[in-house]
Number of protein chains: 2
Amino acid sequence: MSAAVLINGEWRPSAGTETFQAMNPATREPLETRFPVSPLAEVNEAVEAAANAFTATRGWPGERFAAFLEKYADLIDARADTIVAAANLETALPVEPRLKNVELPRTTNQLRQAAAAAREGSWALPTIDTKSGIRSIYGPLGPVAVFGPNNFPLAFNSIAGGDFAAAVAAGNPVVAKGHSSHPETTRLFAEAAHEAAQATEMPAGFVQLIYRTSHADGAKLVSHPKLGATGYTGSRSAGLVLKQAADAAGKPIYLELSSINPVYILPGGLEERFDDLVGEFTTSCLMGAGQFCTNPGVVILRAGPKSDEFVAAVGERFSQAPAGTLLSGGVERSFREGIAALKEAGAEVVTGDEPADENRCCYANTLLKTTGSTFLANPVGLQAEAFGNSSLFVLAGSDDELVAITEALEGNLTGCIYSHTGGEDDALYDRIAPVLREKVGRLLNDKMPTGVAVSPAMNHGGPYPATGHPGFTAVGIPAALRRFAMLQCYDNVRLHRLPDALKDKSPSPDLWRCVDGECRQGDIG
Amino acid sequence: MSAAVLINGEWRPSAGTETFQAMNPATREPLETRFPVSPLAEVNEAVEAAANAFTATRGWPGERFAAFLEKYADLIDARADTIVAAANLETALPVEPRLKNVELPRTTNQLRQAAAAAREGSWALPTIDTKSGIRSIYGPLGPVAVFGPNNFPLAFNSIAGGDFAAAVAAGNPVVAKGHSSHPETTRLFAEAAHEAAQATEMPAGFVQLIYRTSHADGAKLVSHPKLGATGYTGSRSAGLVLKQAADAAGKPIYLELSSINPVYILPGGLEERFDDLVGEFTTSCLMGAGQFCTNPGVVILRAGPKSDEFVAAVGERFSQAPAGTLLSGGVERSFREGIAALKEAGAEVVTGDEPADENRCCYANTLLKTTGSTFLANPVGLQAEAFGNSSLFVLAGSDDELVAITEALEGNLTGCIYSHTGGEDDALYDRIAPVLREKVGRLLNDKMPTGVAVSPAMNHGGPYPATGHPGFTAVGIPAALRRFAMLQCYDNVRLHRLPDALKDKSPSPDLWRCVDGECRQGDIG
């Protein structure tokens, strides 16, 4: 007997015969509950139910989606301890501060911010051309499939995280595909989501949950004719399989795939803030055992005695710090393979690269280094992502080499440059920054990349292969909502038939609209 | 000796040995000038030169791109007669009013609107979060390849049309791939573009022109590591080859592929405005020999005596109107094949479907009809696009069938509904409109789809297979610019290093910025 799936408004046994169990990475022991692998018929049933739900909701005002999201956030708060305990058991992420004080409040905050955006409506960029009688607005595009990652069991959960919140706030039903490493956490969220949906009178298929599918059925899900779009956060290899299927079907898919988040520490900055940088970098890199999309996986320095000292000091900290528990046996295996691949490509071990504790999923904090010329000889191999508590230091022989390394970088979510506060590094900064700017979604100064604030100005995105399209962000409201929307133009449509946000009378004093080239609040004319 | 290509700021002979000639569709005679098919090395050289140009321009203010676009528009105006004459010879589109009084002014108007948008800067959605120190803006993403279509030799020309204007206004160099049916027109534009680039001190590879490549080399162009994005307007089959290559490389590609633009005429509307509708429809469908992306290729009616009368009246008009000259022998061939395919799928001929004049490229105005049940039995086959002077009338046996037909529609650029002005059709309208809304980029009332106004509220886009992504428009400024841009976030970046549009002091009183959730003009703080 495996856990029930949530399909078309009902918790029911899965039709699937195959099951899986999560494991406790802190003990390597399997957790008791069995979860089903949903067969294709069940996946299709979910999409059909979501499409039916969409038929009911597609004309609804943002207020309806806001009410659901807020009720859901309240229900999550009410059962926070249970959810946090499950997530801790399944991921070994610490209850405090991480899960309880940081990630859970972030999750409900995102849901409430998304609700506010749905209610206010400016996210949809209502645009009115009074002279031509043409008006346009972003509107929902239909059922959205959300594939959540392993590393944020709450804030990026497929049925509670940022993609879920954005898809719902834009007016779309969601078919959540849980991550196999934390199915119970996801099930608990889905219980709250289902209750919230009932309490706010959402139609039956508006929120649904399956735990796992085969890769082939996942590809069928993202290319289903009745699907509107997909949000995916996870490994590059699995993501690219989905991308190919969705692209071939002409279905939008937003992917967050991989990123090594280059950090530059320029000579003046290193000289000026040596001790602070040792601490800041070590904290950023080892936090959460390095299992962040924005973990600083590569650090680029000018070679020299001070940099050698820096490598040694960080290596010392790495070797002293306890090795954090990794999210799963799969993560541990990939991490070890990633480090092996970097060594194969020419990286040398400064410290680590050895087992840390056989009783739990983990591996020693690992610092690698290489020269700029070695990096430039194999830039693809030395940009492999080793997802975990490690980083690669690249020591460039000259400023030209530093620039050449930047030119050889793939697309990343972030890029940071630390430089001297008095301007001593400015000439070099000015050579690197314009090149780096085009390679990353978020450019930082004097700050490590691991914090991703939920700000309207945030970009948690970047050029391929960091994501599938450099114009969209997965974090940040309202911009994240526009991923799950289509542009809907009304030409000469009779005024009473327009959506409220495009009528002459504004539905809300808060709504911003672009009217004949001016951004305005209030009524027209 | 074939015409020169424009590569890296110089007109020079192509390295290609293969050549082609355009033909005059009004006489079926080949035109004298030979144009080269560029080999892969030449294509790659153009991308490299564009990437070098981008290195120079990527930090420039919008003013620089605006100056180029305005100078270019002036130079086009100055040689309008020459360009129009060439286009007339290559496409048989009439000099007046079409080319001289409509399409050429639209072209320069688009360039000037794009210039104004580049100068003003609001298109880039500058967003400032003063509390977190995070700021973001859309910025250029690198060289853009533009593939223009055959049917608008001026306003959608690869080196003068909407995609070109949008890509440049967003700050990107353009590699134009001309359409093979009007190479001389394109060459004349490129001469003006090159002069404008020199006059406004743009770098050498900023605007470049090749006329033709093999399909395989086109696929390499859109997936080139140094390319930023592609804009394509043309046939579905060629576009999908490019889409697959660009998607696999993670390069954004914006495609306008095909559309049959369903028009619904509801019973009350037909009764009320019978004669007007016969005229409006015939004019819209036969204008430009039906060679518009938004041509009404399918008309959906309730079966009945009045609809039979309507079919007969339109058929009469079709048979009386002269058959317009088609753009090329290739268009003529595809058109005939398209009609044959519709017949094969079950459509009956009302009138036409025969050669009209062997001395020029053309085919009789062709009206087809079918029943709703036939359509529903083969919805894919009966939605084949026959690009030219034809349309298919679908006569639905019931309101339910009308709705079912709507549900069976593929994605389209437009969808129109004509209904009774006194509200007699409103119940039926309310059943159809929500279904149609999700299938089309632009929903019209009481108006044929063929006019595409350059309005900030326009959407010339729609769900696949009309385009490759339902969130973007190819026409309408400023939205069209955002296709050729990436989201660039600045986190804790020192204030003097920010782009001007993100500094506390606004670079222009006209610039709209989102500051802490408010849309504002002027300085911060």
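These legends describe several close-up views of a predicted model. Residues are numbered from 1 along each chain as its sequence is written, while chains are lettered from A and ligands numbered from 1 in the order in which they are written. As the model is predicted, local features need pLDDT of at least 70 and side-chain atom pairs count only at pLDDT 80 or more, whereas totals for chains, interfaces and linings use all residues.

**View 1. The two domains of chain A.** Chain A is divided into domain 1 (59–257 + 467–525) and domain 2 (263–445), with bounds that come from an automatic or database domain assignment. Taken over C-alpha atoms, the centres of the two domains are 33 Å apart. Each domain gives 9 residues to the contact, where two residues are in contact if their C-beta atoms, placed from the backbone, lie within 7 Å.

**View 2. Asp446(A) in its loop.** Asp446(A) lies in the loop between strand S20 (440–445) and strand S21 (485–491) of chain A, strands being DSSP runs (E, at least two residues) numbered from the N terminus. With 18 other C-beta atoms within 10 Å, Asp446(A) is partly exposed; a residue is buried at 20 or more such atoms, exposed at 12 or fewer, and partly exposed in between. Not counting residues up to four places away in sequence, Asp446(A) touches Tyr418(A) and, from the other chain, Asn492(B). Val263(A) is 183 residues from Asp446(A) in sequence, yet their C-alpha atoms are 9.6 Å apart in space.

**View 3. Strands S10 and S11 of chain A.** Strand S10 (residues 174–177) runs parallel to S11(A) and is joined to it by 4 bridges, and two strands pair if DSSP finds at least two bridges between them. Val175(A) has Gln208(A) as its bridge partner in S11(A). Gln208(A) and Ile210(A) are buried on one side of strand S11 (residues 207–210), and Val207(A) and Leu209(A) are buried on the other.
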